[in-house]
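Subject: Structure handover

Hello,

Here is the structure for you to look through. Please open it first, then read my notes below.

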Amino acid sequence: MNRTGNSRHQETEFKIQKALLALLEQKTLKTITVRELCETAQINKATFYRHYQDVYELAEKTERRIHAGMMELLDAERKRSLTEPVGQRELADVIRYIGEHTVFYLEFLKTGYDTFLDKGFMNLWEKTIRQQFQAMGVTSERRMQYYYRFYQAGVRTTVLHWLETGRQESPEELAQIIWRMSFGHPSGNGGECHTGED
């Protein structure tokens, strides 16, 4: 495919993805039909099927594109701070990015259809959060997996609540809440979390 043809192909894909996001403001992914997508994107069904097998492949590719933006953001953060974990600031940036894509993440956090977000969280865990738990004395890998599952579920439901209630806190405030609940005293008045691993 030549460059012009490839550019047109990408523009059509983005147009269909925008139609998906517009429809997600009104209904859930499982109720969206190809016919509605075509009407919203102003294309015919043949064009849709040249790009996507079905609505779920469209959702997966849309997720991949949005997730790629998050990964670029995290990579940029790490390049600015190569000598130490970014931690709370990095978490705030992830939350801000999710807030900028509220319609998408509201649907995907509720349905659990967010494999790429989970991969992004694993990346954040391995590069930053795991080190915080290790500093608190968690040395067992088996126990670390319990911390990971608990933390992952907690962040997911907390961010979903933030989106559902209109993002009243800033990303920095929400990151601070999550950080304190995880590694310090919830009130922010000091105190440390003891793992009880010994």
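A salt bridge is a side-chain nitrogen of Lys or Arg within 4 Å of a carboxyl oxygen of Asp or Glu. A search of the whole structure finds 7 of them. More on those below.

Some ground rules. This is a predicted model, where local features need pLDDT of at least 70, side-chain atom pairs count only at pLDDT 80 or more, and totals for chains, interfaces and linings use all residues. Residues are numbered from 1 along each chain as its sequence is written, and side-chain values use heavy atoms, with hydrogens and water left out.

The overall picture

The chain has 9 helices and 0 strands. Both kinds of element are DSSP runs, numbered from the N terminus: helices are H or I with at least four residues, strands are E with at least two. Of the 198 residues, 42% count as buried. Buried means under 20% relative accessible area, exposed means over 50%, and partly exposed lies in between (1.4 Å probe, protein chains only). The chain exposes about 11,500 Å², and carbon and sulfur atoms supply 49% of that area. Accessible areas come from the Shrake-Rupley method with a 1.4 Å probe; for residues, only the protein chains shown count as cover.

Now contacts, meaning heavy atoms within 4.5 Å. Take those between residues at least 6 apart in sequence: 67% join residues at least 24 apart.

Salt bridges

Glutamate 36 pairs with lysine 27, and their closest N and O atoms are 2.5 Å apart. Glutamate 36 is buried, at 17% relative accessibility. Lysine 27 is partly exposed, at 24%.

Lysine 61 and glutamate 57 form another salt bridge (3.7 Å, N to O). Both lie in helix 4, 4 residues apart, about one turn of the helix. Lysine 61 is partly exposed at 26%, and glutamate 57 is partly exposed at 25%.

Glutamate 141 meets arginine 130 at 3.0 Å, N to O. Glutamate 141 is in helix 8 and arginine 130 is in helix 7 (residues 115-135), so this pair ties together parts 11 residues apart in sequence. Arginine 130 is buried at 12%, whereas glutamate 141 is partly exposed at 42%.

Asp93, Arg96 and Glu172 are linked in a salt-bridge network.

Helix 8

Helix 8 covers residues 141-164, which is 24 residues. From first C-alpha to last it reaches 34 Å, close to the 34 Å expected at 1.5 Å a residue. That expected span is 1.5 Å times one less than the number of residues. Its buried residues include Met144, Tyr151, Arg156 and Trp162. Glycine 166 follows the helix, with a positive phi near 85°.

Aromatic rings

Rings of Phe, Tyr and Trp (its six-membered ring) pair if their centres lie within 6.5 Å; planes under 30 degrees apart count as stacked, over 60 as edge-to-face and the rest as tilted. By this rule there are 6 aromatic pairs. How are the rings of phenylalanine 48 and tyrosine 52 paired: stacked, edge-to-face or tilted? Their centres are 5.8 Å apart and their planes are at 45°, so the pair is tilted. Phenylalanine 48 is buried at 0% relative accessibility, and tyrosine 52 is buried at 1%. Phe48, Tyr49 and Tyr52 form one aromatic cluster.

One last residue

Alanine 59 sits in helix 4 (residues 55-80). Alanine 59 is buried, at 0% relative accessibility. Glutamine 17 is 42 residues from alanine 59 in sequence and 7.8 Å from it in space, C-alpha to C-alpha.

Best wishes
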